[in-house]
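Open the model in your viewer and keep the selection tool at hand. Each stop below says what to select and what is there.

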Amino acid sequence: MKRRKSVMLAPMALALGLTAILPACSSSDKVNTSANPVATAPSSATPASPKAALEPYDVSLVYQAKPQKDDALIQEKLNEYLKAKINTTVTLQPITSSDYKKKTELMMNTGEKMDLVFTASWLDYSANVTKGAFLELDSLLDKYAPDTKKLLHPLYLEAPRYKGKLYAIPTNKEITQGKAFTFRKDIVDKYQIPIDKINKVEDLEPYFEKIKKDNPEMINMYLAGGTAGSSFMMYESKSNYRPIGPVPGKTPMWLMDYKSTDMKVKSILDQDIVDLNKGDAETFRKYFEKGYINADAATSTTLVDDIRKQGKIWEQGSVWKPGSDIELTIRDGNKYNWVSHVIEEPIVTTDLATGSMLAISRTSKNPDRAMMVLNLLHTDPYVINLLVSGVEGKNYKKVGPNRIELIPDSGYDSQVFWVLGNQFLNYLKQGQPDDLYENWKKFNNEAKRFPLIGFVFDDSKVKNEIAQLTTIVNEYKVISTGAVPNPSKLIDERNVKLKAAGLDKVTTELQTQIDAWWKENKK
C-alpha cells in the first residue's frame, strides 16, 4: 500500500524545509540517520599550501539557472572574496533550463574550456561519464575538499560512481523526493476539494468541469510541448514501476517493480506498460477536447512557474519534499498558499541521489582549483548564500542570525538553492521553521532504499540505438499533451519504430548489467 499524505503549508505557518539532511544507510531498506549532520560547516577550505603559493586562476562555473540582472554584481562580490581566500576568480555562466542540455553538450563536444559543470541523472550524466566528458574526482576530493567529503553522506558518494570511480559531487540536499498533486489552497477551500482522495489524474475530472465553468480564464491542467505529460505520475499513481537505466528524450523506457526481488526489467513495449501509456494518453486526449488542457499544449515553451505566478493554474503535478509548498509560495511572491497530497512514498534511487551535482570538465586547465571552489560551495556560508540569495541589503535583508526576507524585484531571485553546494547552510526564509533540519531528517528516515541504488548503466555498447530511440520519442512526445487525435494508434506506431531502432537490444544489455551488478552488490 502506498503512503499517501496531505500537507498544507502557509507562509507564516509551520513549514518544512527546502532540502534534506542526508541519511546514513543501514543494511535494511530504510534510510538511517543515526549520525547527526552538522547544520553549519567550517569555512576553512584553503589548501595545505599558503594562498601566496597559488597562481591566479579563473574558474568557470556552468550551471542551470535563468540569467539575472544582478549576476554581474554577485560575481563581483564572489571574486573579491575568493581572490583574497584562494587567489581565484569565478566566471558565472548561468544557462536557462530549456537550453542547458543542448548548450552544454555542444560545449563538451567542441572541447570548450569549462571547470565546474552542473550535471544530473536527467541530463545524461552517465552517458557523459562514459564518453570521457568529466574527470575522476576521488583524489581531488581527498586532497582539496576533505570537509565536503565529511559532510556528504556515503550514499551521495556511492550513487555517482562508474566502475568504482567518482565523477561528480552531489548537491547536499534532500536525498529523495515523492510525487504529489499540488493545489492552490483558496481554490481547494472554495470548491471543498478532498485532496486526500486525489490519488490519480482521473480523480480531478469533476473539479475540472466546475472550475472551467466558473473560471474560464483558468487552465485546469497546463502542459508544454510534451515535456511534462501523462507519464509524469502515471507509474507512481497506478503501479509499482519506477524508471531504471537510460531515459532517452526524458522518456522512461525501462522500468522495474521496486517492490519485487527478481530485478526483472520491463520496457515500454511490454503489454502492461503499453496499457498504462494508452490509458493515460486517451484520458489526456479527452481532457484536451473538453478544454481542460491549454490549447497550445503541443507547442508552448512557457514554464509552468510563469503560468502559476500569473494565477492561471490551480493545480499541478510536482516533485515533493519537505517544504515544497512554502517554496512555491515564496517563489510566487507570497501571492498564493499551496497544499499538496503526496501519492508516492519516498524512495532513494540512483537517479534521485544524482539529480543535482557538479562535475569537473576534462577541459579544465586547473582541476585542483576547481575542486577548491567546489569545497567552498559546500563549506563556506558566505559563498553559498551569496550565490543562493544575493547581496545583503540589495537582494535580501537579515531578520535574524540565520533568517532573511527576500526583497521583491531586487534583480536576483533564489534559483540555485537546489543546484549548487550545501543547502544546510542556506538562510531560512519567510515561513520556514527554526526546526527545519529536524524535519528534513524525519523525511529521510522514512525513505525506502531502491534495490539498485548505485547501479549506473554503461551505454557504450548501445549508444547508436539510444540516439535513434531519442529521435523517435522526440517525434512523438506531443502524444502526452492530449493535443493530437488517436493517441493509442500513435503509440502503436511509435512502438513499432522503437522496436525497429533496437529497443530490445538495449533492454537485453540493461538486464545483463543489472544481473551482474545485483550478483555482486545484493544488499
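Angles between axes under 35 degrees count as roughly parallel, over 145 as roughly antiparallel, 65 to 115 as roughly perpendicular and the rest as oblique. Axes are lines fitted to C-alpha atoms, for helices over the stretch in contact, and the angles run from 0 to 180 degrees between N-to-C directions.

This is a predicted model, in which local features need pLDDT of at least 70 and side-chain atom pairs count only at pLDDT 80 or more, while totals for chains, interfaces and linings use all residues. Residues are numbered from 1 along each chain as its sequence is written, and side-chain values use heavy atoms, with hydrogens and water left out.

**Whole protein**

Start with a cartoon view. The protein has 19 helices and 20 strands; these are DSSP runs (helices H or I, at least four residues; strands E, at least two), numbered from the N terminus. Of its 523 residues, 58% are buried. Buried means under 20% relative accessible area, exposed over 50%, and partly exposed in between (1.4 Å probe, protein chains only). Now show the surface: its accessible area is about 21,600 Å², and carbon and sulfur atoms hold 52% of that. Areas come from the Shrake-Rupley method with a 1.4 Å probe.

**Helices 14 and 15**

Select residues 367-379, helix 14, and 381-389, helix 15. Their axes lie 6 Å apart, at an angle of about 85°. The two helices are therefore roughly perpendicular to each other. Show side chains next: Leu376, Leu377 and Thr379 of helix 14 meet Pro381, Val383, Ile384 and Leu387 of helix 15. Contact here means heavy atoms within 4.5 Å. Six of the contact residues are nonpolar, one is polar and none is charged. In this scheme Ala, Val, Leu, Ile, Met, Phe, Trp, Tyr, Cys and Pro are nonpolar, Asp, Glu, Lys and Arg charged, and the others, Gly among them, polar.

**Aromatic pairs**

Rings of Phe, Tyr and Trp (its six-membered ring) pair if their centres lie within 6.5 Å; planes under 30 degrees apart are stacked, over 60 edge-to-face and the rest tilted. The count comes to 13 aromatic pairs. Select Tyr125 and Phe134: the ring centres are 6.2 Å apart and the planes at 15°, so this pair is stacked. Tyr125 is buried at 3% relative accessibility, and Phe134 is buried at 4%.

Move to Phe208 and Trp314. Their ring centres are 6.2 Å apart with planes at 75°, so the pair is edge-to-face. It links distant parts of the chain, 106 residues apart: Phe208 sits in helix 8 (residues 205-214), and Trp314 in the loop between helix 11 (304-309) and strand 14 (315-320). Phe208 is buried at 0% relative accessibility; Trp314 is also buried, at 0%.

Select residues 436-445. Seven of the ten residues of this helix 16 are buried, so it is largely enclosed by the rest of the structure. Among the buried ones are Tyr437, Trp440, Lys441 and Phe443.

Next, pick Thr350 in helix 13 (residues 350-353). Thr350 is buried, at 8% relative accessibility. Leaving aside residues up to four places away in sequence, Thr350 touches Ala159, Leu452, Ile453, Gly454, Phe455 and Val456.

**Two positive phi values**

Which non-glycine residue has a positive phi of about 55°? Select Asp409. Asp409 lies in the loop between strand 19 (403-406) and helix 16, and is exposed, with a relative accessible area of 82%.

Finish at Asn486, another residue other than glycine with positive phi, near 55°. Asn486 lies in the loop between helix 17 (463-476) and helix 18 (487-500). Asn486 is exposed, at 51% relative accessible area.
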